[in-house]
Amino acid sequence: MHILRKYAAIEFKMPCAQGRFRPAHARLIEDYIEQNIFRNITLQELANICNCTPVQFARKFRVHYGMRPHAYVLRRKVEHACHHLRKDRVALKEIALLAGFADQSHLNRVFRQHMNVTPAEYRRQVCEHTVQA
């Protein structure tokens, strides 16, 4: 083996980390994110689902979903916040915690980046829309 590795023109290839996730892995990843949306989810945790390194996981994730894992998780958190803003009449700081944000200002900052309005403005618009309908 030493002679082959040292002197032969043989390349030992690493498993391919390109391409998309298998449907079963994609479903497991999405389920894991949904079940743990209220807390910080690490790249290592997600990579463990597919038995690959965090770098391999991030590459495959970007190919499969068209965005980085962190951006996907933030988008899902904003969607959860929108759901709570439409359905619940609880304080914004509670919605921030339910949706997995560190605090209300974190929710405000990320929500504005994704939705171009603050959570309070969004709630007001949704209330006005339901009253008019």
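## Residue H64

In this predicted model, H64 is buried, because its relative accessible area is 17%, and buried means under 20%. H64 belongs to helix α4, which covers residues 54-65.

Leaving aside residues up to four places away in sequence, H64 touches R20, F21 and A26. With F21 there is also a pairing of polar atoms: a polar atom of the H64 side chain lies 3.2 Å from the backbone nitrogen of F21.

## Overall architecture

The secondary structure of the protein consists of eight helices and zero strands. Along the sequence, the pattern therefore reads α-α-α-α-α-α-α-α.

The protein has 133 residues, of which 35% count as buried. When contacts between residues at least 6 apart in sequence are considered, 53% of them join residues at least 24 apart.

## The packing of α2 and α5

Two packed helices are described by the angle between their axes and by the distance between those axes. Helix α2 spans residues 23-35 and helix α5 spans residues 69-87. Their axes come within 11 Å and cross at roughly 50 degrees. This angle makes α2 oblique to α5, and the crossing of the two helices is right-handed.

Which residues of α2 and α5 make the contact? On α2 they are E30, I33 and E34, while on α5 they are Y72, V73, R76 and H80. By type, the residues of this contact comprise three nonpolar, one polar and three charged.

Terms used: Residues are numbered from 1 along each chain as its sequence is written. This is a predicted model: local features need pLDDT of at least 70, side-chain atom pairs count only at pLDDT 80 or more; totals for chains, interfaces and linings use all residues. Side-chain values use heavy atoms; hydrogens and water are left out. Axes are lines fitted to C-alpha atoms, for helices over the stretch in contact, and angles run from 0 to 180 degrees between N-to-C directions. Helices (H or I, at least four residues) and strands (E, at least two) are DSSP runs, numbered from the N terminus. Angles under 35 degrees count as roughly parallel, over 145 as roughly antiparallel, 65 to 115 as roughly perpendicular and the rest as oblique. A crossing is left-handed if the near helix is turned anticlockwise from the far one by less than a right angle, and right-handed if clockwise. Contact means heavy atoms within 4.5 Å. Ala, Val, Leu, Ile, Met, Phe, Trp, Tyr, Cys and Pro count as nonpolar, Asp, Glu, Lys and Arg as charged, and the others, Gly among them, as polar. Buried means under 20% relative accessible area, exposed over 50%, partly exposed in between (1.4 Å probe, protein chains only). A polar contact is a pair of N or O atoms within 3.5 Å; within protein, one must be able to donate a hydrogen and the other to accept it, and residues adjacent in sequence count only if both atoms are side-chain atoms.
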